[in-house]
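Dear colleague,

Please find the structure below. I would be grateful if you could look through it alongside the notes that follow.

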Amino acid sequence: MTIQSRLIKFLFILSVCCSFFLSCTKTPTGPIPPIATTGTIAQVLSTVSNTTFFNGMLKQTGLDSTLKGTGPFTVFVPTDTAFALAGFTVANLSALPDSVLYRLVTYAIIDGISLGSATLPLGPDAKIVTAGGDSIYVSNNSTGIFVNGVPVTQTDVPASNGTINAVMSPLIP
């Protein structure tokens with residue numbers, strides 16, 4: 001088993017464990033503050049102080065230039081607090097191979113459609129294909145909006161090329 005596959009396996013197990021423990025608490029993840037949304041998703045995220053982990057991953061993979069494009073896109077962004085609660089640091093994310101970061105980031109992006117609270121499919125478990133080709137499952141009901149069981153903590157942050165939604169934990173393929 002290669003180091004990369006061991007790392008992916010470790011990250012998956014870590015995220016499952018963290019998701020389980022996080023689902024039992026009501027720890028706030030710090031919403032994305034209201035900001036001017038005249039820019040693209042990449043531009044909006046670069047101005048938000050509590051999305052530096054995700055923004056760094058975008059830059060390291062070059063996907064920030066994609067999210068400056070015309071879109072439309074939907075992005076499920078974990079805040080810095082969400083990354084920290086899941087046990088991630090800037091150092092350990094930066095140390096991951098670009099191919100792993102690319103897969104993590106494209107798993108959080110939906111290409112070709114802008115989805116917010118009113119347009120996310122009703123669940124349970126409505127399947128949506130991500131920009132990386134994997135599937136995520138959305139539940140949108142009276143108890144809230146969930147992506148793969150992870151609560152969406154803030155929806156409908158508009159950008160000129162799509163919508164940003166904050167999630168309580170990083171989404172792991």
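This is a predicted model: local features need pLDDT of at least 70, side-chain atom pairs count only at pLDDT 80 or more; totals for chains, interfaces and linings use all residues.

Residues are numbered from 1 along each chain as its sequence is written, and side-chain values use heavy atoms, without hydrogens and water.

Seven strands form an open sheet with mixed pairing, in the order β2-β1-β7-β6-β5-β4-β3. Strands are DSSP runs (E, at least two residues), as are helices (H or I, at least four), numbered from the N terminus; two strands pair if DSSP finds at least two bridges between them. At the edges lie β2 (109–111) and β3 (126–129), each pairing on one side only. Strand β1 (residues 73–78) runs antiparallel to β2 and is joined to it by three bridges; Val75 has Ile109 of β2 as its bridge partner.

Two cavities of 30 Å³ or more were counted. A cavity is a set of points, on a 1 Å grid over the protein atoms alone, where a 1.4 Å probe fits but cannot get out; lining residues have an atom within 4 Å of a point. A volume is the space filled by probe spheres set on the points, which are joined across faces, edges and corners. The largest cavity has a volume of about 80 Å³. Its lining includes Phe54, Met57, Phe76, Pro78 and Ile172, and the elements giving two or more residues to that lining are α3 (52–61) and β1.

Yours sincerely

Methods: On a 1 Å grid over the protein atoms alone, a cavity is a set of points where a 1.4 Å probe fits but cannot get out, and a pocket is an open set with protein on both sides within 12 Å along at least five of seven lines; lining residues have an atom within 4 Å of a point.
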